[in-house]
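Welcome to this guided tour.

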Amino acid sequence: MIRRPVAWVVAVVLFAEAFGVAALNWFLGMVVDRQDMSLAGLDPHMMAVSSKIGGIAFGLYFALCGLVALLVALRDRPPAGFGRILLISAAVVHGLLGAFTWGPVGVTAFLFMELVLALIVLLLMTYDRPVEPADAAPGDGKSGDGSPVTSPPAPTTP
């Protein structure tokens with residue numbers, strides 16, 4: 001099946017992206033701190049610290065999403081509850097980041113964001129169907145509550 005390889009790829013991409021986002025924001029914080037310039041009267045040290053904190057926060061967020069994808073790949077079960085919400089929010093974040101990166105960064109960054117978005121959506125959609133128990137045959141004549149399936153009574157004419 002395609003489910004487990006997609007989950008592995010999503011996990012690796014999200015872990016790499018977590019490291020990349022954290023490292024980029026840390027580097028930008030160092031650049032702002034070393035330039036010692038003010039932007040509209042803001043404290044440069046505070047801008048550097050907030051950039052580093054933001055990078056760590058987004059890095060941990062993407063790492064947590066990667067952990068959910070890794071657990072999906074290891075267990076071969078769909079993400080449930082909080083993990084599913086995390087992956088859906090990561091898909092939304094990648095859609096928005098893709099839309100915002102088109103102009104300032106370029107088409108390559110947009111295509112990368114949309115590729116990650118497509119991988120996350122593919123991961124969520126491949127596990128969309130509920131898993132049936134192995135002992136239940138598809139046509140065993142049982143409904144969900146254990147009673148046999150019967151057709152409704154035929155209508156009578158007055």
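**First stop: helix α4**

Select Met113, Val116, Leu117, Leu119, Ile120, Leu123 and Leu124: these are the buried residues of α4. Buried means under 20% relative accessible area, exposed over 50%, and partly exposed in between (1.4 Å probe, protein chains only). Now look down the axis of α4: its buried residues fall within an arc of 155°, so they line one face of the helix. The arc is that of the directions from the helix axis to the C-beta atoms.

Before moving on, a word about what you have open. This is a predicted model, in which local features need pLDDT of at least 70 and side-chain atom pairs count only at pLDDT 80 or more, while totals for chains, interfaces and linings use all residues. Residues are numbered from 1 along each chain as its sequence is written, and side-chain values use heavy atoms, with hydrogens and water left out.

Next, select Thr108, Leu111 and Met125, exposed residues on the face of α4 turned away from its buried side. Then show α1 (3-35), α2 (44-75) and α3 (82-101), which are among what covers the buried residues of α4.

**Second stop: Phe110**

Stay in helix α4 and pick Phe110. Is Phe110 buried or partly exposed? Phe110 is partly exposed, with a relative accessible area of 21%. Leaving aside neighbours within four places in sequence, Phe110 is in contact (heavy atoms within 4.5 Å) with Gly98, Ala99, Thr101 and Trp102. Draw a distance line between the C-alpha atoms of Phe110 and Gly98: they are separated by 4.6 Å, though the two residues are 12 residues apart along the chain.

Select Val21, Leu24, Leu97, Thr101 and Met113, the closest to the centre of the largest pocket among the 14 residues that line it. This pocket has a volume of about 350 Å³. Which helix gives the largest share of the lining? That is α1, with five residues, and α1, α2, α3 and α4 each supply at least two.

Within α2, pick Ser51, which is buried, with a relative accessible area of 17%. Not counting residues up to four places away in sequence, Ser51 touches Asn25, Leu28 and Gly29.

Then step to Asp76, in the loop between α2 and α3. Asp76 follows α2, and its phi is near 55°, a positive value in a residue other than glycine. Asp76 is partly exposed, with a relative accessible area of 29%.

**Last stop: the whole chain**

Zoom out. How many helices and strands are in the protein chain? There are four helices and zero strands, and from the N terminus on the elements run α-α-α-α. Helices (H or I, at least four residues) and strands (E, at least two) are DSSP runs, numbered from the N terminus. Colour by burial to finish: buried residues make up 26% of the 158 residues in the chain.

How values were computed. On a 1 Å grid over the protein atoms alone, a cavity is a set of points where a 1.4 Å probe fits but cannot get out, and a pocket is an open set with protein on both sides within 12 Å along at least five of seven lines; lining residues have an atom within 4 Å of a point. Grid points are joined across faces, edges and corners, and a volume is the space filled by probe spheres set on the points.
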